[in-house]
Amino acid sequence: MSGAALGLEIVFVFFLALLILHRYGDFKKQHRLVIVATLLAWYLCFLIVFILPLDVSTTIYNRCKQATNSSPLENNNITGSYSAAVPVTGKHPCFKPWSYIPDGIMPIFWRVVYWTSQFLTWILLPFMQSYARSGGFSITGKIKTALIENAIYYGTYLLIFGAFLIYVAVNPNLHLEWNQLQTIGIAAANTWGLFLLVLLLGYGLVEIPRSHWNGAKRGYLLMKTYFKAAKLMTEKADAEENLEDIMEEVRKVNESIKYNHPLRKCVDTILKKCPTEYQEKMGRNMDDYEDFDEKHNTYPSEKSLVKLHKQVIYSVQRHRRTQVQWRILLEQAFYLEDVAKNETSATRQFVHTFQPQEPENRFIQYFYSPTVEWYWECLLRPWFYRILAVVLAVFSVIVVWSECTFFSTKPVLSLFAVFIQLAERTYNYIYIEIACFLSIFFLSICVYSTVFRIRVFNYYYLASHHQTDAYSLLFSGMLFCRLTPPLCLNFLGLTHMDSTISHQDTQPTAYTSIMGSMKVLSFIADGFYIYYPMLVVILCIATYFSLGTRCLNLLGFQQFMGDNDMTSDLVDEGKELIRREKRKRQRQEEGENRRREWKERYGNNREDSTRNRNVHTDPKESNYSETNTNRSVSKYTRSNNRTERDRIELLQDAEPLDFNAETFTDDPLESESGRYQPGGRYLSMSRSKIFDDV
């Protein structure tokens, strides 16, 4: 079992990273190199989080073994009750943990993982970002564009590093070796990551418990969904308008550049990136026989086509993303409205307004019955969210307290250090690994969830359901690789497993050993790493009072705030949009049901009548009657198809022009007049209300 735990976690973390990436990325449409690079970055970061508890337990065992070899009697007094059960003679008083990793494996493992992640975040991923957003038409052109865009990025780091080397060479008091230069580089990267880590951690420690607590409130999620619907409709309309403008430019370029123009291949490449309906509208030029130089027209340059290609890729991706998000948001709003209606149900069975478009699994239908769904959604889920919010709030308080007191070693004030030291005295490795995993997992959730939530205009946005573009995926990989190493160092400092914090001459963890001794930069080790994490208290207070949200609101970026007039207006607008989409879907389903019942009723009667007529006719008249009936039936079906087609178009194009509250009630199910009655007659077919649905 020495390496089995490490191997199992390596395999498990790989599939976990692959599953999360599949939710946000699109394996079919996005480039394979983008998928592989993002998967590798996410995988390495998740792997550090999952493997670090094993490193802690192995280090505690090595410390125990070292202390036993140096002073058996002293260690016998320290181990207490457990030493009485295990004799000192012939055996060590501390047993080997089940997840023990042999010596020499962890340093090599951490060195490979760390330097690979640093190569990704500082060199490869920035280059691939520029490559993915480039509008070049060849690999050489994209590489050239990426190098030019990253020249300033890479040049800045080289300039700083070169100035530092010159300062070291000129100053006679400084004699730095390669290991010390390596430590300085690691310290610089961790300092940048810690600066961003505290900002994200301060937001996540408050927002995650609060979001779960608000999720248990009745109507809160529904109001927030209405707010999102209003904002998403604005973004959707903007994306459609932007796409129309870009497609108009593509049409002009397509008409101006003929078949024998040298840049025609570039235009064809741009056309392939356009949506199918626009490709069919534009097509090829009808006058391709004309040469491009017969008319002295001004043609776009290759540089302008590269820019247009880049705009087409961005606009098409944004338009597709808003369309998918709108459909998902509609389903979510319909479901939340069903939850609000079913809360007062006396039958205690969950009733859906619309049936799911995709058939559910029989296993899920059997266990997750309407009764079980009602008890979970209307009764158990709010209480579960409240309990979970309280547990998360307790964890947040522990983290904030430990961040402010982890530098104190006598007495030990950090609660994480207290828990680990209590388990270390009894050498309960299972408890140590569970405590370490829960602690670092909670810290990772607070940081990583903020990375998934933040949105920098339309340049960086992680959208689920395979709608994240390549630039955002690569950017998230960069953030993860820069945040994870300082996150792990901060965790080791909270638990006093870092000798720089504990100021004890004990064996360090394998992860700390590859970071080198921070004593080379004392002002960072004894200053920035100690006192900067205390800033998390101020950030938590600012997040609790929603200061950032209020500032964004003042700047014109509308945020969901319950005590704001603009929020109320957007909620009302979103509610009206959802109501209109709901009525539209109800009319579509009613039209489909009417057509289905019409075919089932009159189609069977027509078949029975023709069958009986053929039985009672004479053989001599059979041919003549068959020809007449075929003619009449074909004539009837042609007219019936024409009227049926008109009815279908009428149902599809029908859209109410006035959505005032006086005309429609809040519940469209109760106010629709086109319902089928038991007597076999439709209310919408009466004389007085024949066009009420139009």
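Glu-255 is partly exposed, at 42% relative accessibility. Here buried means under 20% relative accessible area, exposed means over 50%, and partly exposed lies in between (1.4 Å probe, protein chains only). This is a predicted model, in which local features need pLDDT of at least 70, side-chain atom pairs count only at pLDDT 80 or more, and totals for chains, interfaces and linings use all residues. Residues are numbered from 1 along each chain as its sequence is written, and side-chain values use heavy atoms, with hydrogens and water left out.

**Salt bridges**

Side chains of opposite charge can pair when their charged atoms come close. A salt bridge here is a side-chain nitrogen of Lys or Arg within 4 Å of a carboxyl oxygen of Asp or Glu. The whole structure holds 13 salt bridges. Three of them are listed here, including the one made by Glu-255.

| Arg partner | Glu partner | N to O distance |
|---|---|---|
| Arg-251 | Glu-255 | 2.8 Å |
| Arg-585 | Glu-331 | 2.8 Å |
| Arg-321 | Glu-235 | 3.1 Å |

Arg-251 and Glu-255 both belong to helix α8; they are four residues apart, or about one helical turn. Helices are DSSP runs (H or I, at least four residues), and strands are E runs of at least two, numbered from the N terminus. Arg-251 is partly exposed, with a relative accessible area of 28%.

Arg-585 and Glu-331 pair at 2.8 Å between their closest N and O atoms. This bridge links distant parts of the chain: Arg-585 is in helix α22 (residues 565–616), Glu-331 is in helix α11, and 254 residues separate them. Arg-585 is buried at 18% relative accessible area. Glu-331 is partly exposed at 35%.

Where does the salt-bridge network lie that joins Glu-235 to other residues? Bridges with shared partners join Glu-235, Arg-321 and Arg-455 into one network. Within it, the side chains of Arg-321 and Glu-235 meet at 3.1 Å, N to O. Arg-321 lies in helix α11 (residues 302–342) and Glu-235 in helix α8 (residues 220–256), so the bridge ties together parts 86 residues apart in sequence. Arg-321 is buried, at 5% relative accessibility. Glu-235 is buried too, at 13%.

**Aromatic pairs**

Rings of Phe, Tyr and Trp (its six-membered ring) pair if their centres lie within 6.5 Å; planes under 30 degrees apart are stacked, over 60 edge-to-face, and the rest tilted. The count is 35 aromatic pairs. Take Phe-95 and Tyr-429: their ring centres are 5.4 Å apart and their planes stand at 90°, so the pair is edge-to-face. Phe-95 sits in the loop between α4 (81–85) and α5 (105–133), and Tyr-429 in helix α15 (residues 429–453), so the contact ties together parts 334 residues apart in sequence. Phe-95 is partly exposed at 37% relative accessible area. Tyr-429 is buried at 2%.

Trp-110 and Tyr-511 have ring centres 5.1 Å apart and planes at 80°, so they are edge-to-face. Trp-110 lies in helix α5 and Tyr-511 in helix α18 (residues 510–515), so this pair ties together parts 401 residues apart in sequence. Both residues are buried.

One aromatic cluster is formed by Tyr-24, Trp-42, Phe-46, Tyr-448, Phe-452 and Phe-480.

**Charges over rings**

A charge sits over a ring if NZ of Lys or CZ of Arg is within 6 Å of the ring centre and within 35 degrees of the ring normal. The charged end of Arg-133 sits over the ring of Tyr-471, 4.7 Å from its centre. For Arg-386 the ring is that of Trp-383, with 4.9 Å to the centre.
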